[in-house]
Amino acid sequence: TDGLVPFQAALAHKAMLPHARLVVYEKAGHLAIYRQTERFANDLTAFVEDVESGAAESGDELAAIDESAVAGIKRSGVFMGTLLGLATFASEDLACIGGGLLATKGAVSLQVAILGCLLGIFVGDFAIYLMGRLMGESALKLPLVRRLLHKERVDQCARWFDKKEGMALIVSTRFIPGSRVPTYFAAGVVKASPFKFGLALFVAAAVWTPVIVGLSYWLGGAFLEFFEKHEGLALIGLLVSAVSILFLARGLSGLMTWKGRRLLFSRFKRIVRWEFWPMWLFYPPVIVYLLWKMLRYRSVTMLTAVNPCMPASGLVYESKGQILAHLQKHGVPVGRFEVIPLDWDDERKLSSIRAFMEQNGLSYPIVLKPDVGERGEGVAIVKSDEEASGFLEAQEEDSIVQEFLPGREYGVFYYRLPNEKRGSVLSITDKRFVFVTGDGKSNLERLILSDRRAIGMARFFLGTHQNELDRVIPEGESFALAELGTHCRGALFLDGSRLITPELVDSIDSMSRDVDGFHFGRYDVRVPSEEDLMAGENIRIIELNGLTSESTNIYDPKHGLLFAYRTLFKQWDIAFRIARESVTKGNRPESLRTVSRLIARHLMGKASEREG
């Protein structure tokens with residue numbers, strides 16, 4: 001008898017393997033084969049000889065197997081099917097893939113794997129609908145639900161169900177990852193017919209589940225057979241198999257709908273077009289270049305002496321309010337602003353915004369942004385007290401209220417070596433806001449997915465404007481998808497080198513030379529027109545970014561990856577030259593401890609944002 005493996009398992013193996021021979025050893029135990037090797041070797045040798053001579057049992061003897069073995073197999077199938085069904089509550093796709101792989105190995109039949117996953121998916125998704133139905137619209141006030149679903153989206157679903165388009169919607173969401181939970185919950189909130197909803201849900205699951213389980217069963221065999229030949233890679237092989245099938249399944253599901261195909265194209269465009277690459281993928285060559293320059297200059301922190309007027313020269317976690325105040329003190333034409341401390345209560349914060357607007361003769365819209373931030377994160381153009389309150393409630397640090405400056409937005413990268421009297425403009429970025437134009441027939445979602453530029457940021461735009469996706473834009477009317485000059489939030493960046501004129505350089509240099517301790521950085525500016533910029537007139541500063549600012553003209557779609565790296569290498573070479581001269585003049589760089597603390601604080605803030 002074996003305390004770890006039930007006797008029923010031996011009977012099941014005998015039933016599944018026709019040539020197997022069942023031998024029972026009394027009081028042997030799980031490790032008997034190691035402790036009584038001679039005893040087992042004799043029986044195994046006799047069994048092998050019988051197989052080779054043809055004397056072993058064949059499939060004809062299956063009828064003589066104890067009926068309890070067959071019953072055990074059936075119970076095992078029900079158990080495995082139930083486990084797979086429960087696994088779908090954690091991840092539907094991975095449960096289906098796991099079921100297919102188990103069927104490949106014979107641990108469960110393909111039919112049981114499909115049925116278990118199908119029922120699990122149906123029950124889990126219908127439970128989401130029931131939760132929405134029981135909780136009603138009051139659930140929309142809960143923070144977790146509010147992130148996934150807005151009141152406008154619920155109203156949109158209600159209109160779809162009223163027009164009898166809801167059932168088609170339920171089926172289509174099965175093939176669009178990320179759309180299922182909010183749609184099913186919204187269907188419950190609007191109290192869609194449970195019978196019709198359940199029928200659509202079952203049809204969608206009945207189409208989806210056999211495809212994914214069957215795909216895993218078909219491909220899994222090839223994957224696992226290869227890795228089984230290399231036993232040391234078995235665990236890695238299982239992981240590679242599951243991930244490969246998951247990606248393939250997602251790709252196939254996307255191909256089944258027009259929206260899915262456009263989103264796949266969006267993903268493809270973001271892969272092949274470097275301007276959409278994440279920072280961790282794009283920046284390693286730049287980091288290597290920086291490390292090499294640090295070795296050459298024999299200093300890790302020398303760069304923090306570039307702009308003595310900024311904490312760590314604007315390396316990270318610098319206060320926008322302090323920088324703007326410093327510029328304003330030296331006569332730089334800064335857009336009017338005011339800092340709102342975090343420790344004020346919400347009413348006082350809102351009152352300070354109203355007072356700021358009244359004192360400066362402003363009306364909505366205005367700009368609100370965190371005092372510490374980068375790449376446009378957290379910046380909002382608010383158009384009412386309600387929007388302002390919503391922004392302030394979400395803040396975890398001091399905020400800035402600033403006047404909204406109309407006109408064109410540009411990024412002007414300026415530098416001046418401390419030993420030189422005149423500075424230079426390294427680059428200009430022409431920031432264009434992305435629009436789609438209505439045709440009187442297509443809703444906003446279709447316009448976004450059809451636009452050549454917007455498709456690259458499709459998921460961002462669909463999320464940002466999720467409450468208006470069903471709206472049909474009138475013919476000829478433009479809809480602004482991005483109103484902020486930030487590339488990662490949808491703006492189109494063009495190389496504005498043609499706009500650099502002696503008048504512009506004189507204007508930027510004149511205002512910059514008067515700012516004590518500033519030598520290197522990018523101004524974000526607004527001007528009424530392109531002509532004003534070239535003439536160096538009517539320039540208003542929105543923001544100044546220090547040491548870690550980019551020469552953002554590199555993101556022009558016409559530029560290749562090599563141009564981007566050449567430009568950034570040149571930018572950082574200038575920064576090191578400025579830092580060396582600054583140190584020579586007596587400006588001390590920050591200590592390694594201070595720099596490490598700032599970077600750690602920045603990274604902790606990033607982690608907190610992701611968790612939020």
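**Close-up views of a predicted model**

View 1. Gly 476 belongs to the loop between helix 20 (458-464) and strand 8 (478-480). Apart from its neighbours within four places in sequence, Gly 476 makes contact with Thr 437 and Gly 438. Asp 439 lies 37 residues from Gly 476 in sequence, yet the two C-alpha atoms are 6.3 Å apart in space.

**View 2. The chain as a whole, for orientation.** The chain contains 24 helices and 11 strands. It has 612 residues, of which 46% count as buried. Among the contacts in the chain with a separation of 6 or more, 73% are made by residues 24 or more positions apart.

**View 3. Helix 5 beside helix 6.** Two packed helices are described by the angle between their axes and the distance between the axes. For helix 5 (residues 92-104) and helix 6 (residues 110-135), the axes come within 8 Å and the crossing angle is roughly 170°. An angle over 145 degrees counts as roughly antiparallel, and helix 5 and helix 6 are therefore roughly antiparallel to each other. The crossing of helix 5 past helix 6 is right-handed. On the side of helix 5, the contact is formed by Glu 92, Ala 95, Cys 96, Gly 99 and Ala 103, while helix 6 contributes Leu 110, Ala 113, Cys 117, Ile 121 and Asp 125.

**View 4. Helix 17 crossing helix 18.** The axes of helix 17 (residues 346-359) and helix 18 (residues 385-394) come within 10 Å, and they cross at roughly 130°. Helix 17 and helix 18 are therefore oblique to each other. The crossing in which helix 17 passes helix 18 is right-handed. From helix 17, the residues Asp 346, Lys 349, Leu 350, Ile 353 and Arg 354 meet Asp 385, Ala 388, Ser 389, Leu 392 and Glu 393 of helix 18. The contact of helix 17 with helix 18 consists of four nonpolar, one polar and five charged residues.

**View 5. Aromatic rings in pairs.** A pair of aromatic rings is described by the distance of the centres and the angle of the planes. When rings are paired if their centres lie within 6.5 Å, the count comes to 19 aromatic pairs. In one of them, the ring centres of Phe 413 and Phe 520 are 5.1 Å apart and the planes stand at 80°, so the pair is edge-to-face. Because Phe 413 lies in strand 5 (residues 408-415) and Phe 520 in strand 10 (residues 520-527), the pair ties together parts that are 107 residues apart in sequence. Phe 413 is buried, with a relative accessible area of 1%, and Phe 520 is buried at 0% relative accessibility. In another pair, Phe 518 and Tyr 523, the ring centres are 5.7 Å apart and the planes are at 70°, so this pair is also edge-to-face. Phe 518 and Tyr 523 are both buried.

**View 6. An aromatic cluster.** One aromatic cluster is formed by Trp 274, Phe 282, Tyr 283, Tyr 289, Trp 292, Phe 493, Tyr 555, Tyr 565 and Phe 569.

View 7. Glu 445 is located in helix 19 (residues 444-450). Its relative accessibility is 19%; Glu 445 therefore counts as buried, the cut-off being under 20%. Leaving out residues up to four places away in sequence, Glu 445 touches Lys 259, Leu 462 and Leu 469.

View 8. Tyr 364 and Pro 365 are joined by a cis peptide bond with omega of about 10°. Pro 365 sits in the loop between helix 17 and strand 2 (366-370). Arg 298 is not a glycine, but it has a positive phi of about 55°. This residue, Arg 298, is in the loop between helix 15 (284-297) and helix 16 (320-329), and at 78% relative accessibility Arg 298 counts as exposed. Asn 538, a residue other than glycine, has a positive phi near 55°. Asn 538 is placed in the loop between helix 22 (530-535) and strand 11 (540-545).

Terms used. Residues numbered from 1 in each chain as written. Predicted model: local features only at pLDDT ≥ 70, side-chain atom pairs only at ≥ 80, totals over all residues. Heavy atoms only, no water. Axes fitted to C-alpha atoms, helices over the stretch in contact; angles between N-to-C directions. Helix = DSSP H or I, 4+ residues; strand = E, 2+ residues; numbered from the N terminus. Parallel < 35°, antiparallel > 145°, perpendicular 65-115°, else oblique. Left-handed = near helix turned anticlockwise from the far one by under 90°. Contact = heavy atoms within 4.5 Å. Phe/Tyr/Trp six-rings, centres within 6.5 Å; stacked < 30°, edge-to-face > 60°. Buried < 20%, exposed > 50% of the residue type's maximum accessible area, 1.4 Å probe, protein only. Nonpolar A, V, L, I, M, F, W, Y, C, P; charged D, E, K, R; others polar.
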